[in-house]
Amino acid sequence: MERIQTAESLETRIASCTKTFADKISGKNGKRAVVVCGGTGCLANDSLAIEEELVKQIKEAGLEEKVSVNHVGCFGFCSQGPFVKIFPEDTLYRAVSIKDIAQIVNDDLIGGKICENLLYVDPVTHEKVARQDDINFYKKQVRIALHGCSLINPEDIEEALGYGGFQGLKKVLTTMTPQEVIDEVLASGIRGRGGGGFPTGRKWQFAANVKADQKYIVCNGDEGDPGAFMDRSILEGNPFQVIEGMMIAGYAFGASEGYFYVRAEYPVAVERLLKAIDSMEKVGLLGDNILGTGFSFRAHLRLGAGAFVCGEETALLNSIEGKRGMPRPRPPFPAIKGLWGKPTCVNNVETLAQIPFILREGAAKFASYGTEGSKGTKVFALGGKINNVGLVEVPMGTTLRTLIYEIGGGIPGNKAFNC
């Protein structure tokens, strides 16, 4: 892929990739597109083998010029996976197994007939639902952190560029000062999504106010809470978006080095993140003098060994430095004295994943979701005794009852939920 050296060349590449991706989804390229869920949950249920079998049978049927096959990130509705989706009809097949591939190829891809036995069945109306957006699980969701998940190939930078990727970065580097970026993030009202809820813009402002020869931005991907898989799914589904958020943060408060700290138990996320970093370096979106703006940035990866305490930001910094993962006394806070004694901002995966939207669509758009005190959206992992298990992103302020009943489908056996 040709290197992107100026803002104009990035704009041209984005326009080209956007058209290519839109034509793929709409079928205007003359082909049908089949995507298979490549999230960890579906991979554990043979989705890789399903993808390989699809490729094999499509080739045997002589459909290679008429049908493309790709893998994407998590669809979210994990209890119904593995998923296979077909464009441009937008047909979603759930609980697919290898034995179903022949039917999908023969009946749908060749015969143009929907495989009704593979469709989702609404538990209340008992109607079969062919389109993802018509399933209740998805209707109340707003995908900002999960932007691109289940749509783009997370290992293909051209698909990321074709679905909104790096538009926020281009805007920041070519039209905004660092302080304007911080002001926009402050205006959005976004708070840290890792649990602390500290205003992200204020954290960046603290680091920006400190003069230093080196500053760092650290992405906390040490997700250790039982049953939580939000950060993992974001990194698996669209690592480019998180890197873009990290770069915007670095520009805002003066960091030229970024570190991802991801637990080693997330091998798929780690592999895709490394591929994303490599492809961005090759096209010139990471490295020196990005887009000819004078801004330089490099991203690195450190693997966590599963110590729960390293989810705490100062223990995480110690671990990156090769020390024992123990919390540091505060003050000084990391924004003043962090990684190797330099000003450092530590942001959660989900927080950084939402930053490109804020700069691309504007702070007001982000702030239009949520409540007066908590703006934007939040990703939750629904698990336990609930009918619809999976990953959801909803506006802040969404009630627990809405999550459990309207999205989660209620409690098995129609048991009551009292709170």
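In what sense do E1 and E3 pair, and over how many bridges? In this predicted model, E1 and E3 run antiparallel to one another and are joined over 4 bridges, with Val 34 standing opposite Ile 86 of E3. On its other pairing, E3 is joined to E4 by 3 bridges, again in the antiparallel sense, and here Lys 85 stands opposite Leu 92 of E4.

The side chains of E3 can be followed along the strand. In a regular strand the side chains alternate between the two faces of the sheet. Accordingly, Val 84 and Ile 86 point one way from E3, while Lys 85 and Phe 87 point the other way, and all of them are buried. The hairpin of E3 and E4 has 3 residues between the strands, and within that hairpin Asp 90 takes a positive phi near 70 degrees. The loop between E3 and E4 also holds Pro 88, and the peptide bond that leads from Phe 87 to Pro 88 is cis, with omega near 10 degrees.

Within H4, Ile 101, Ile 104, Val 105, Asp 108 and Leu 109 are buried. They cover an arc of only 115 degrees around the axis, which puts them on the same side of H4. An α-helix has 3.6 residues a turn, so residues three or four places apart point the same way. The cover over the buried residues of H4 includes strands E1 (32-37), E2 (67-72), E3 (84-87) and E4 (91-93), together with helix H3 (47-60). After H4 comes Gly 112, whose phi is positive, near 70 degrees.

Helix H11, residues 239-253, presents another case. At 1.5 Å a residue its 15 residues should span 21 Å, and the C-alpha atoms at its ends are 22 Å apart, which agrees. Of these 15 residues, 15 are buried, so H11 is largely enclosed by the rest of the structure. Just after H11, Gly 254 takes a positive phi of about 95 degrees.

Asn 238 counts as buried, at 5% relative accessibility, and, leaving aside residues up to four places away in sequence, it touches His 147, Gly 148, Cys 149, Ile 152 and Pro 154. Leu 235, which is found in H10, is buried as well, with a relative accessible area of 1%. With the same exclusion of sequence neighbours, Leu 235 touches Val 242, Val 262, Ala 269, Arg 272 and Val 349.

Most residues other than glycine have a negative phi, and most peptide bonds are trans. His 126, in the loop between strands E5 (120-121) and E6 (128-129), has a positive phi near 65 degrees and is exposed, with a relative accessible area of 60%. Asn 414, in the segment after helix H16 (400-407), has a positive phi near 55 degrees and is likewise exposed, at 76% relative accessible area. A cis peptide bond, with omega near 0 degrees, links Arg 330 to Pro 331, and Pro 331 lies in the loop between helix H13 (313-320) and strand E11 (344-348).

Aromatic rings complete the account. The structure holds 14 aromatic pairs, and Phe 77, Tyr 120, Phe 137 and Tyr 138 form one aromatic cluster. Elsewhere, Lys 378 lies over the face of Phe 380, at 5.4 Å from the ring centre.

Terms used:
Residues are numbered from 1 along each chain as its sequence is written. This is a predicted model: local features need pLDDT of at least 70, side-chain atom pairs count only at pLDDT 80 or more; totals for chains, interfaces and linings use all residues. Side-chain values use heavy atoms; hydrogens and water are left out. Helices (H or I, at least four residues) and strands (E, at least two) are DSSP runs, numbered from the N terminus. The expected span of a helix is 1.5 Å times one less than its number of residues. Buried means under 20% relative accessible area, exposed over 50%, partly exposed in between (1.4 Å probe, protein chains only). The arc is that of the directions from the helix axis to the C-beta atoms. Contact means heavy atoms within 4.5 Å. Rings of Phe, Tyr and Trp (its six-membered ring) pair if their centres lie within 6.5 Å; planes under 30 degrees apart count as stacked, over 60 as edge-to-face and the rest as tilted. A charge sits over a ring if NZ of Lys or CZ of Arg is within 6 Å of the ring centre and within 35 degrees of the ring normal. Two strands pair if DSSP finds at least two bridges between them.
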